[in-house]
Amino acid sequence: MANTRTLEKGAKIVLASHNAGKLREFSMLLAQTGITVVSAASLNLPEPEETADSFEGNAAIKALAAAQASGLPALADDSGFCVAALDGQPGIYSARWGGPQKDMHIAMNRVHTETGNNPDRSASFVAVLCLAWPDGETRSVRGECHGHTIWPPRGEHGHGYDPMFVPEGDTRSFAEMPESEKNTLSHRGKALSLFLKECVAG
């Protein structure tokens, strides 16, 4: 099958996430295309087990499960925080580092503690978006944002590891930036730009 299938502008898709913040973010970012986004939660779709060992693999598991359960094209993202001093961890386990409650204060503390006195503070955020159709076809794009960790965390905006990450070329953490500015620099913003260019009909 040729890998050139695209979404029509104005299409309706399922966002394979139960996260209200992600739904708001994607609805805002896709508004310009006229694409309507409905959440997996609103359709009562189950959340599949993420068993892959890569962002690409986990995004595909989520997108395919939602597309096949809903009969609509589905978009999933799998994203994480990769710290050089920790050999790329927490990576695909970024949310799990916060424990059962996914408490990001716990997760950030763990990154800080395990990094210890290592002078290498470089880190990156990675986001992979996968678009799946009910017939099983998928397309994926990847966005990355490089920078370094800081301690203590700073800022009130954003979510996840944003308060301890400063992107290259800036002195503010992601959590100190207005959301609209962060979206232009972020891993998810970069992945979405690629997605709009490659996966949505012009």
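This is a predicted model: local features need pLDDT of at least 70, side-chain atom pairs count only at pLDDT 80 or more; totals for chains, interfaces and linings use all residues.
1. Position of Asp162. This residue sits in the loop that runs between strand S5 (138-149) and strand S6 (165-167). Asp162 counts as buried because its relative accessibility is 2%, and the cut-off for buried is under 20%.

2. Polar partners of Asp162. Its side chain forms a polar contact of 2.7 Å with the side chain of Lys182. The side chain of Asp162 also reaches a backbone atom, the nitrogen of His159, at 3.0 Å.

3. Surroundings of Asp162. With residues up to four places away in sequence left out, Asp162 touches Phe125, Ser173, Phe174, Ala175 and Lys182.

4. The largest nonpolar core. In soluble globular proteins, nonpolar side chains tend to be buried together. Here the largest such core has 20 residues, and those touching the most other members are Leu7, Ile13, Leu75, Leu129, Leu131 and Phe195. Two or more residues each come from strand S1 (12-15), helix H1 (20-30), strand S4 (122-132) and helix H5 (187-199). H5 supplies the largest share, four residues.

5. Leu129 within that core. Which residues is Leu129 in contact with, leaving aside its neighbours within four places in sequence? They are Phe26, Leu75, Ala76, Asp77, Arg139, Ser140, Val141, Ala191, Leu192 and Phe195. Of these, Leu75 and Phe195 are also among the core residues that touch the most other members.

Definitions and conventions. Residues are numbered from 1 along each chain as its sequence is written. Side-chain values use heavy atoms; hydrogens and water are left out. Buried means under 20% relative accessible area, exposed over 50%, partly exposed in between (1.4 Å probe, protein chains only). A polar contact is a pair of N or O atoms within 3.5 Å; within protein, one must be able to donate a hydrogen and the other to accept it, and residues adjacent in sequence count only if both atoms are side-chain atoms. Contact means heavy atoms within 4.5 Å. A nonpolar core is a set of buried Ala, Val, Leu, Ile, Met, Phe, Trp, Tyr and Cys residues joined through side-chain atoms within 4.5 Å.
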